[in-house]
Amino acid sequence: MAIAEQIQQVHERIRNAALAAGRDPQQVQLLAVSKTRSADELREAIACGERRFGENYLQEALAKIAALQDEVLEWHFIGPIQSNKTRDIASHFAWVHSVDRAKVAQRLNEQRPEALPPLNVCIQVNISHEDSKSGVMPAEVLSLAQEISALPHLRLRGLMAIPAASEDPAEQAAAFAAMQELMQTLNQQGFALDTLSMGMSGDMEAAIAHGATMVRIGTDIFGARHYSKKE
Ligand SMILES: *Cc1c(COP(=O)(O)O)cnc(C)c1O
């Protein structure tokens, strides 16, 4: 199926899931996840009105950002962050969804160019308590949120999660509900978080039912990925 058709279907799924949850569909933004996709494929999505793209691999992303400079786009970094890569992330992206330690937050803050507005960040939460996963444990989110809030060149927007893959709707729902609760708890403590970055091709409906404000969709827009290790 063509990218244009897939995008239309994804927007329809978002709309239906929001309405089913009694939410305004406008409260759920689509982040088109474009890792492994060519600049030409992104141009197809851009022609459909997509402006927000999520990338995981820095070198690959920088090449696409350069190739698409003629467009006004919003780039989101969503992959694991090595601390020696923070300078390029701080200077070329508008958002980072995968902040999971204070050291990375401090480096992004120091390296954010003065000419740019504060970098929007989400804290990545290891909501399924997986040993191998990046993300802070839920119990550590509050202290990292406090540290990030003190950094002038970062703007803490919310939380991000990649729950353990599951086909079981009840398990998906439990992880997303826990994220929603965590964000409510932080906001009760005085934070003003407005972003819950969660939901991918296989579980966006469950995420939207539990308050997702940004779903990150790759496969259902661009088709299956053919991986070659990039970094
Ligand atoms: C690849 C990726 C996605 C998109 O996943 P799909 O299943 O292809 O929709 C979303 N979030 C992150 C962090 C990713 O790495």
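Two strands are said to pair if DSSP finds at least two bridges between them, and the helices (H or I, at least four residues) and strands (E, at least two) named in these legends are DSSP runs numbered from the N terminus. The structure is a predicted model, in which local features need pLDDT of at least 70 and side-chain atom pairs count only at pLDDT 80 or more, whereas totals for chains, interfaces and linings use all residues. Residues are numbered from 1 along each chain as its sequence is written, and side-chain values use heavy atoms, with hydrogens and water left out.

**View 1. Strand E5 and its parallel partners E4 and E6.**
Seven bridges connect E5 to strand E6 (residues 154–161), the two running parallel, and within this pairing Ile 123 stands opposite Leu 159 of E6. Strand E4 (residues 95–99) is also joined to E5 in parallel, through three bridges, with Val 96 having Val 121 of E5 as its bridge partner. Seven of the seven residues of E5 (residues 119–125) are buried (under 20% relative accessible area, where over 50% is exposed and in between is partly exposed, for a 1.4 Å probe and protein chains only), so the strand is largely enclosed by the rest of the structure. Leu 119, Val 121, Ile 123 and Val 125 point one way from E5, while Asn 120, Cys 122 and Gln 124 point the other way, and all are buried.

**View 2. The helix crossovers on either side of E5.**
A right-handed β-α-β unit is made by E4, helix H5 (residues 102–111) and E5. Another right-handed β-α-β unit consists of E5, helix H6 (residues 141–149) and E6. Here right-handed means that, with the strands pointing away from the viewer, the path from the first strand over the helix to the second runs clockwise. In the loop between E5 and H6 lies His 129, which has a positive phi of about 50 degrees although it is not a glycine.

Strand E1 (residues 29–33) and E8 pair in the parallel sense over four bridges, and Leu 31 has Arg 216 as its bridge partner in E8. Both faces of E8 (residues 214–217) are covered, with Met 214 and Arg 216 on one side and Val 215 and Ile 217 on the other, all of them buried. In the loop between E1 and helix H2 (39–47) is found Thr 36, a residue with a positive phi of about 70 degrees although it is not a glycine. Most residues other than glycine have a negative phi. Thr 36 is partly exposed, with a relative accessible area of 21%.

**View 3. The aromatic pairs.**
A search of the whole structure finds two aromatic pairs, where rings of Phe, Tyr and Trp (its six-membered ring) pair if their centres lie within 6.5 Å, and planes under 30 degrees apart count as stacked, over 60 as edge-to-face and the rest as tilted. Phe 53 and Trp 75 form a tilted pair, at 5.8 Å centre to centre and with 35 degrees between the planes. Since Phe 53 lies in strand E2 (residues 52–55) and Trp 75 in strand E3 (residues 74–77), this pair ties together parts that are 22 residues apart in sequence. Phe 77 and Phe 93 form an edge-to-face pair, at 5.4 Å centre to centre and with 85 degrees between the planes. Phe 77 lies in E3 and Phe 93 in the loop between helix H4 (86–92) and E4, so this pair ties together parts that are 16 residues apart in sequence. Phe 77 counts as buried at 2% relative accessibility, and Phe 93 counts as buried at 3%.

A pocket is, on a 1 Å grid over the protein atoms alone, an open set of points with protein on both sides within 12 Å along at least five of seven lines, and lining residues have an atom within 4 Å of a point. Grid points are joined across faces, edges and corners, and a volume is the space filled by probe spheres set on the points. The second largest pocket has a volume of about 230 Å³, and of the 16 residues in its lining, the closest to its centre are Leu 73, Trp 75, His 92, Phe 93 and Ala 94.

Conventions. 1 Å grid on protein atoms, 1.4 Å probe; cavity = no way out; pocket = protein on both sides within 12 Å on 5 of 7 lines; lining within 4 Å.
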